[in-house]
Structures are given as C-alpha cells and as structure tokens.
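Take a look at the complex shown here. The paragraphs after it walk through the chains one by one.

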Amino acid sequence: MSAETTLATETYRLELRDIVKSYGGVRAIRHADIAITPGTVHALVGENGAGKSTLIKIIAGAEIADAGTIAFDGQLRSISSTSDSIALGVQTVYQEPQLFPELSVAENVFVGRELTKGGRVDWAGQAAQMHGLLDTVGLPESIATSIVGTLSIAQQQQVSIAKALASDASVLILDEPSAILTDPEIEVLFTVIRRLTAAGVSVIYISHRLDELFRIADAVTVMRDGETITTRPIGELSVRQIAELMVGGVLSESRPKDAGTSGATVLELTDFTREGKFTDVNLTVRAGEIVGIYGLVGSGASEIAGVIYGMDKATSGTMAIDGTPVTVKRPSQAKKLGIHLLPANRSSQASFSFQSIGLNIVIGELGLLGRLPGYASMRKQRAIADDFIKRLAIKTPSEKQPISAMSGGNAQKVVLARQLVRRPELLVLAEPTQGVDVGAKEEIHRIISGLADEGTAVLVVTSDLGEVLRISDRILVIKAGEIAAEFTGDATQVEILAAAAGAEVDAQIGADLEIEIIPTAQTETPT
Amino acid sequence: MTLVNETRPIQTSGNKKPRGQRNLASRALEALLTQRVVLLAVLIVIVIVVMSLLDSAGRLSGPYDPDYLASSLISAVPLVMLGLAELLVILSGRGGIDLSVGSIVSLSGILFGMAYGEWHWSFVASLLVAVISGGIFGAVNGVLVAYIGFPPLIATLATYYAYRSLALVISDQKPINSKEIQDFYSAAQSIELPVIGGSLPLVPLGIFTFLIPTALIVWFLLNKTTFGRRLYALGTNDTAAQWTGINVRPNRLAVYALSGVIAGLVAVVTVSQFASARPDAGTSGNGMALPAITIAVLGGVAITGGIGRVSGIVLATLLIVWLNAGILLALPGNDGSQFQLLALGLVLVFASLLNGLTKRKYGGI
Amino acid sequence: MSIDERTKAAPPAKATARRILPSPVTGQEFVLIGVIAVLWVLLGIFTPAFLTPNSIQPLLVSIAPIALIGVGMTFVIITAGIDVSVGGAIMLCAVVVAKTMVSADVPLFVALAIAIGLGLLLGLINGALIAYGRVHAIIITFGTANIFQFVALRVFASSTVNGIPGTLDVFGRGEAGRTFGVPHSFAITVLVVIVAWWYLRHTAGGRHLFAIGGNANAARLAGIKVQPRVMLAYGLTGALVGLAACFIIASGTSTLDQAVGSGKELQVIAAVVIGGTSILGGRGSVIGTLLGAILVQTVTSGVTQLGWPSQLANLFVGIFIIIAVGTDLLRERARRKS
C-alpha cells in the first residue's frame, strides 16, 4: 500500500504493516497498514465495524495481531501485552474513561506506575507531580484527592488525559475524545494536543466528527471493512470525500424536508426548569414537525429529554401534551401519554445485549403480545419483529439473532423500532445516530423524516451538528441549561456553533473551519 | 463477579462462513459447546451407558435399571424445584442469588409441621401456611435487594442465618413427629402410572404432585407471560429496562418472593419424605442452597443474569441424580456419598470452565 | 519544555499521604468499635463473668481463625471475587496435619509448614481457575469446596482422628498458649492484620488489588498484572487457612471430627461484610474485618453466657449483617451525592 502513502518518509515513530486479526471465525482486520510520523496528529476514521478499535487495541497491546509487523522508530518490535506497549511509550485514552471509581484522582493517574520509595508508595512525590499535570489539563489542584467516582464524565475524561500525559508518552491515542466534551473543553483539548505535537509526541485521533479533523489533524487514514483504504495529508481531501471513502460509494442526496404542513401543538414546555440542569425552557413541538435541540454534553439538552419522559422530575414550570398540563412521574406514564424516547447511550440504556432482536423490539409494548393480560405469544413477537425488520431494512438473518451480534447501525435501528411498535404522538430521540456508520445514519434520518411526514411530532436532542442541521425544521441551541438561540432549518454551521459556544469563539471557529459552508436546505451537509 | 471483561469490536456478519458451508461435525461441536441442553442430554446418555456397562459387568451392588432410575427420582423433586427457584432469582440479574432457600425450607417446614401436626389443620390449610410463609420470607429478601439495594449475596446470607436460627428456636430444636406427619409419608410413595403404567417403573408421587406442576408453571411464567419477558430484560440490563417503562423493583421483589414460595413447597415435600418436620431439614450438612445453585449453573444459567432455561434445570438435575444413584451402587456406603461430593464438585468446575471456553471461541452467548 | 519537565518544575505541593488516601479508619470502623464497646459493657453488666480472663481469653482464641482467614477473604473480595471453599479447605488442612502429627510425631515447625503449604496449594488452585479460567469465583469455589471436602473425607476414612499430641498447644487455650494473658493465636492474627493493612494501604501491589476490583479491564490496560495478583489473593487466603487450621486443632480437644470447618466460610464472609468491605469489590479494610470477627464472636459467646438458646446467635448475626451493610450502603449513597 506504500504507493498510497504520500507522507514524507523519514523514520516513522510507529509503523504497522500487513496486520491481520480475527476473533473466533470473524475477520476484524483483513489487512491494515499505518505509519505515524513523529510530532503529528494522525486521524483514523471509519464506520463502526471497520476495524479501527481493533487496530488501536493491537497498538496498545490489548490484543495481539495474527500477522503483520510493528516497528517503532524503525526497529521491529513485538507487543504482546499492555505493559510492552506502555514501555514503548504508547498511551491510550479510551472513550469510556478507564478509571477506578473508588480511588482518588492522584491514585488513578499513577496506577501501574506508582512512585515508590523502598517498597512503599511515595505519596508526597506523586502529589508534587500532580500539580503541573492538573494545570495542563485544566483541572483544579484540589481535585487530586477527590474520589473519581464522584466526578462528572467530562472531568473523568480530563483525568484520563492527565494520566496519559503523566507517563511521558511518545504515541498518544485518543479514541473519540470530543464525544463527551463541550466546545470550550474541546478547545482546551486541542491546545494540549498542539503542545504535545510541538514536543514531538505523535497523536492518533479517532473521531466520527469529520469536521473536527480539519481543525486538528495533519494526516488521515480511512478504514473500511477491516482494511486501511488510504492515508493522505488532511489538506488533500474534503469532508465529503472522506465520508465517501468510508462508505465505499457516493453519498446520496438528502431528502428535501417537507417545508409545509405541521399540525396541532403536541408538546409545550413553559418555563420548564430542573434545578442545576436547565432553566426556563420554553419550546413547542407540533405534529409533523421535527424540532432539533443542539447542545453538547453537559448543556442540559439530554436532561430535558429525560424529564419529558419521566426519568427525572422538573422542579418548576409546566409541560402540556395536546394542550393539557401533565406531570410525568415515570416512563410508563409518559408512554401512556404517547411519548416515546430513544435513549442516548445504546449499550447502557437501550440494548438488551444477549437477547434476541425480537425481544429487543417488543419489550416496550409487551401488552401487544397477547389478548389476555399478562400472556405473551412468541408467534406475535415474531410477527411484530419481522414486520419491523422489513420496514426499517434491518440486516439480519432472523429475529432470533442476539442484538449483540449486530453492527452499531443495525442495532440502533432495532432500538428505534422499539419506539415505533405503537405509534407515538411525540417521539423524542437522544443522539439517534451516535456510534452509527454513515450508511445507516442516512437510513435512520430518512426514517425519522418519514415519521414526521406521517404526522408524528419529533424532538431530536443531539450534539451532532451536521445531523441537527440535516433533519430539523427548527433548531434550538442550548447552552449551560438555557435556550441560547433559535434557528430555522436554513441556518449555517458557524451560526449554530457560535450560539452554542459563546460569541467570543465565533471568529476563531470561522477562521479554523476550512470546509465550505453551504446552506443546508440545498445540499448534503458534511457529517 | 467476572474478573476480566474484555470488550469485543462489533462483528459484521460478513466474515463467518454461511451455515450451509460449515460441515456437520463442526456445527455439531458448536451446538454441543454452546447449547447447554444438548451437552447435558449427551452427558446423561453417557452416564446411563457407563453405568449399564458396569452393571452388566457385575460391578454394581444392585441393578441400574429403569425401576431404580425411576425410584431415585424422589431426590430429584426438591432439587429441581429449588433449582428453579435459583433460576428465577439468578435470572433477575444484579448478582441475583438466594442463599436462604434451605433455611426457608427448614422454617416453613416447621410451620407446616405445627399447623398440620400439632394444631390439626387440614392439609390444604397447612400447605397454604407453608407456601405463604415461604413467600413472605422470600419477600423480605426481595425488599432488601430491590428496594433497599442490598447485594443479594449479603441479603440472603443474613436471612439464611436469621431463618435458620428461628427454625431451631421456635421448634425448640425438636422435630415434629405426630401421627398426621407420619401418615403423610404416603405422599412420598411411588405409584404406578394410571392406564399406561403396567410395564413402566413405579414413579414417586411427588413427581406428579409437586415437580411437574412447579416446572410447568415456571416454564409458563418465563416463556408465555409478559412477566417472563420483563424478567429476562431486567436481568440483562435493568437500566435499559427502566428506560422502556418497566418498573424494575416490584418485578425483582416478585422473583425473590417466588423463590420463597417454591422453598415453602419444598418444605412440604421434605416433611413427607422424612415423615417428620425437622428444624434442620434444609440446613443440615452443606444445606440445600448449594446443590440448588450448582444445578442452576450446570443447567446453563448465567450468574450475571438474563440467561437460563427450565429445560436446563431439569436435565442438570437428572444428570446429577442418576449419576449419584449410579455412584451409590458402584461404591456403597460412606464411599458412595463421598464420591457423590466429588462428582458434584468436578461437574461444576468443568461445566463452568466450558462456559468460559466457549465464550472465547464462539464470541458471546 | 516537555510536559515532564514542566510538571517537575512546578512548586511542590504540601500534600502528604494523608491528603491522597482516605483516612485510615473509616466511618464503618468507628461505628463497629462503638457497637462492640457497648456490647461488652452490656454483657459485663448482665453477666459479670464475661469480663473475666476466663471468658475473654477463649473468646479471643475463637476470634483468631475467623479474623485470620478473614484477612485473605478481604483481599479476595476487594478484587471483586469470593471464596466459599475455605470451609472445605480448613477441613482438609486440619485432617492432614492432625493425622501427620498422630502418625509421626512431627515438631511444631513441620506441622505448620505442612498446613500452610497445603493451604497455599489449595488457594493457588482456586486462584488459577479464577484468574485464567474466566469463570466466576463463586461458582468455581462452590466446586472446589466439594472437591476439598471429598479429599478431606477420604483422609478421615470415615472415622475421627484421635490422640492428637499437644504439638500445637502454643496456639491453644491453655497456659502454653498465652503470654501476659494474651493468647498467641490472637496476637499472631493481630500482627497479620497490621501487616496486611500496611500492604493494602502503602504498597503499589496492595493498591492494585483495589484497582482490579474497581475495574478489572482498566487495570489490565494500565499495565497491572491482573492474573498474578488475583492468584496472590487466593493463595494468601489458602495459606492463612492452613495456619488457621492449626489454631483450630490447638483450641479443640485431642480428637478431630468431620464437622471441622463446616459453615466457616459463611462466618468469615459475614465478618468481612460487617467490617465494611464491599462485596462488589474495589473497597475494603482488614481492620474492619477484624472488628467484624470480634463482633460476631462476641455475639455468639454472649448469647451462651446469658443463658439464651444458642441458635439465637445466628439470628443476631443475620441482623448485624443487615444493619452493618445497610448503614454502609446509606453512607456510600450520601457520599456519592455530595
């Protein structure tokens, strides 16, 4: 594959060639080559199932390749354990913070490489080093003694990064780091990354947010179906081209949204407040309308969805469904009112992993499985499941297959199907395509659009800018728990980002973005 | 409490050879290793074959024949039933387990003995005492686990101690042996099956009066009711279950209460088998909970919840009962009961190692 | 300036060990000390005989084996594991040592070596199966419990072991077992507890056990050698079982019967959870285990001394488990909210 590699070939910091890896009978990686130059940010992109995480695990020593070579600074190495790769200077910050909830921040940072003085741990020495580290990642010094389990997810992410920094890494792997960070936090992250590359560290950056890559990456490698397809300097490709390489074809045009008919108001929130999470939210969603709430993690957007659905309580304000004020105390009540919700985090909040697709689909409406209360017929379950497998084009040999064996996109369709078994009046979707490959993303957006066309009121809560622009009729931007701005469907990315991050970042973002801003009503929005 | 929990990349179905192309042998092997019911059936056949061979070689102290197999089923009754109780509880997830079933058998047994043998209540009324008291004792576990948040191991450990001591205290450590109880032994007798029974072996009555109804009811609950679906869901992922609108706590409470109800029934069975209501019925030796949990694990129940079937429990019990029956003939006396211990231990270790191995080879359950 | 240089150049913080680690004595332990003190006072009032050496000394001797094995069990439970085979292991170690002493009058150190060596072997068997076999600890140790019991019963050969010499009397209840009124077995136990406490708190190896229990996957990724550590925890438990078996033989009569060890695993687990160690792993304390063992044995002894039916002791143990774990749960919930 060396013809494709157009980077300058001094000695690479890290070079993998002809990697192959299988699990059981399944080929996770068919053939992978990747070469990382010192002091650069090298992006790794691909759909779920393309092999990115397997490749990363091989570099980190968490898995051993079946075939292929690994070289560091020109010297062939064998990595057969995580300590081998750590010794070579590889540090990984995973999407899920790999931390120990019962230990303090300082202990977490030093775990596995404690400073010792004659057999016992050198607590004072570790405390001294913590000071600078915390400063670098933007955490207060007092947090060193906090128990990690009590911190927020974003703070835990920062601790993970501090931990990686502490071990003097030469290769830092960041797996979807921005997924849970707010925009200011992403800026801090990028500053840290730039500082590291200036000092000669190589960063491997995995992200689904293609637009981000243009702000931070120097080179990009695209993977598809277990193979590395190409490696190029970032400037040589456009977002669209990268997306097409990931999918293996040309992306279709997005369906034009019906500008027209919306019906009666289904959901109305007035001065809706949950103390500490969101304040004085006013919004309406009408039948046939798709309202998008754009807000990053921590902005309060997903909390609003949770309260509408009854998982949490509002502390003040009112919610009205079809004009009648209601208090939703639990999800079963929400469902009785016709409110259905697709949770944000599929693996922890929606997927029953080793149960069949059939069970995963019908589990929300067990009452439909039999005429007698309490009775459940397998035949009925199968019929409902097969119907949705067809309707949503879910790729599976049978409804009996466990959901854990499916790709992200297909699994998400199953969970979406669950919400549609009984037609909802109001469908709330939280991060509907997070962790979903580009092809399935499109299909899901089409399904959502179709639902709205048929009269369902849809509320989409998402931190994916491209997504919210693509499918919403109206967009609300949430910042720090309050509605910061409202846009119609033809807003631009820059406007929305500015509203979400605060005006002072506006000019910076405009300058950094090298992609062409195109009004979304006409064309494909880069995802 | 898994030690290492490796995450796997999401498999695309593209790379596995389609079913038709893998040969019969490899498919059979996969079925054997991943379908617990198949493995158990094969092992039962092996046991029967081996024992029959030993029998025809004259190495057994008695005939290993259908009559013997049928009569040995009497010990299957409490075992299957408590195995089903553990199945229900372990299915519910979050470390679900019930260490207190043996103590409930003792305590409800004493209450049954008092009602039937001392206060001279009718059989039905006394049975209700056993069953309802069992349900209440189980519900205590359920409240501790589902509503207060105790880890099930701890809650049922505490109630194991408490119920065990209560049984001894209220009975003043003396078994109840009144006439009614002694006559009750007839309920444990073996009978000839009606109509077709002529050439078939005698089967213990308890199989029909207790085991089969319980097994059928549990099977029905798990497979044909919305409760069963909810149970599998919350045992797999109770957060996701909440998001689908399932009210997790009452459902979890219910399985612990059901476990107690079944233990109450087993109490009655045990009284009839011993013709005496003994305060240590369920807690003597290693207690009844250990074999029940062993049966559940052997029967394919996942200790983390969400996986398990009635057929597995039944077959696992048959395997253990018939294996033990054979061992007793091959090595009579103390030797026999000692080797039964060994057999149980070895079977458990190998069955769970097999589980671990197949997870690795075939990726997930 | 590289990141590393930058952190070292920063002004050193005044932090000491105390600021990074949680306080050495947890809330649970304070409560336990209080409860035990109250119980002792009450028992002292209602049965004056309780606070005499004649009653306290046997109490301490009975606490020793439970607390000793409890140390190992604490290590194991901290790694999110469990070991229900200790009862069977006690039986096996005890009968092997007893028979050896009867048939070949071995000196003290040999007897100890046999017991501890055998216990260590049994523990390592558990450890290997759990660490490398990818099986849940509770299931495997249910299995090995049966196997150890089987072997023990074969060694017993359907009888009791009679005429055990007094080789181990230095750990017993008699005069030979005490110095300045303190039973040796209890003193050794306290020593082991202190060493274990220091190990868990101040060595990397000890902290790694907490890491493994908190998030085994993250531990592996951080470069911790998870499997050897887990084997160490179970091996230690086994070795302590061997030593405890010697204590048990010493504190009994010259006859050893097949009931030895029966139910001990539950007693040990009860002591550990009452002491505040979380059954879910990642959090625990050997001092709490020692206090838990003291509490359980105090209850048992107290019930007998008060003339109540001895089975009531079990009821109280059950109630204490509920109270202890319940308060621990509430405390954890409050701490997480803050």
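What follows is a short tour, from overall confidence to single residues.

This is a predicted model, in which local features need pLDDT of at least 70, side-chain atom pairs count only at pLDDT 80 or more, and totals for chains, interfaces and linings use all residues. Residues are numbered from 1 along each chain as its sequence is written, while chains are lettered from A and ligands numbered from 1 in the order in which they are written. The predictor gives the complex an ipTM of 0.85. Its pTM is 0.83.

Start with chain A. It has 18 helices and 22 strands. Helices here are DSSP runs of H or I with at least four residues, strands are runs of E with at least two, and both are numbered from the N terminus.

How much of chain A is buried? Of its 527 residues, 53% count as buried. A residue is buried if 20 or more other C-beta atoms lie within 10 Å of its own, exposed if 12 or fewer, and partly exposed in between, with C-beta atoms placed from the backbone. Contacts tell another part of the story. Two residues are in contact if their C-beta atoms, placed from the backbone, lie within 7 Å. Among the contacts in chain A with a separation of 6 or more, 69% join residues 24 or more positions apart.

Chain B is next. Its secondary structure comes to 15 helices and two strands. Of its 365 residues, 54% are buried. Residues 24 or more positions apart make 77% of the chain B contacts with a separation of 6 or more.

Two loop residues in chain B deserve a look. His120(B) sits in the loop between helix H5 (101–118) and helix H6 (123–148) of chain B. Its phi is near 60 degrees, a positive value in a residue other than glycine. His120(B) has 11 other C-beta atoms within 10 Å, so it is exposed. Asp172(B) lies in the loop between helix H7 (152–170) and helix H8 (179–183) of chain B. Asp172(B) is not a glycine, yet its phi is positive, at about 55 degrees. Asp172(B) counts as exposed because it has 9 C-beta neighbours inside 10 Å.

Now turn to chain C. It holds 14 helices and two strands. The radius of gyration of chain C, taken over C-alpha atoms, is 21 Å, close to the 20 Å that the globule rule (2.2 Å times the number of residues to the power 0.38) gives for 338 residues, so chain C is as compact as a globular protein of that length. Along the principal axes, its C-alpha atoms fill a box of roughly 75 × 50 × 35 Å. Buried residues make up 57% of the 338 residues in chain C.

Where is the confidence in chain C lowest, and where is it highest? Helix H1 (residues 3–9) of chain C is lowest, at a mean of 40, and H11(C) is highest, at 95. These values are pLDDT, the predictor's confidence in each residue, from 0 to 100. Over residues 1–16 of chain C the pLDDT is below 50. Where pLDDT is low, the predicted coordinates should not be read in detail. Chain C as a whole averages 87, and 92% of the residues score at least 70.

Chain C also meets chain B. In this interface, 49 residues of chain C are in contact with 41 residues of chain B. H7(C) gives the most to the chain C side, with 13 residues. By class, that side has 32 nonpolar, 14 polar and three charged residues. Ala, Val, Leu, Ile, Met, Phe, Trp, Tyr, Cys and Pro count as nonpolar, Asp, Glu, Lys and Arg as charged, and the others, Gly among them, as polar.

Finish with one residue of chain C. Leu43(C) is found in helix H3 (residues 27–46) of chain C. Leu43(C) is buried because 21 other C-beta atoms lie within 10 Å. Leaving aside neighbours within four places in sequence, Leu43(C) is in contact with Phe50(C), Gly302(C) and Gln305(C). Leu43(C) and Val303(C) are 260 residues apart in sequence, but 9.3 Å apart in space, C-alpha to C-alpha.
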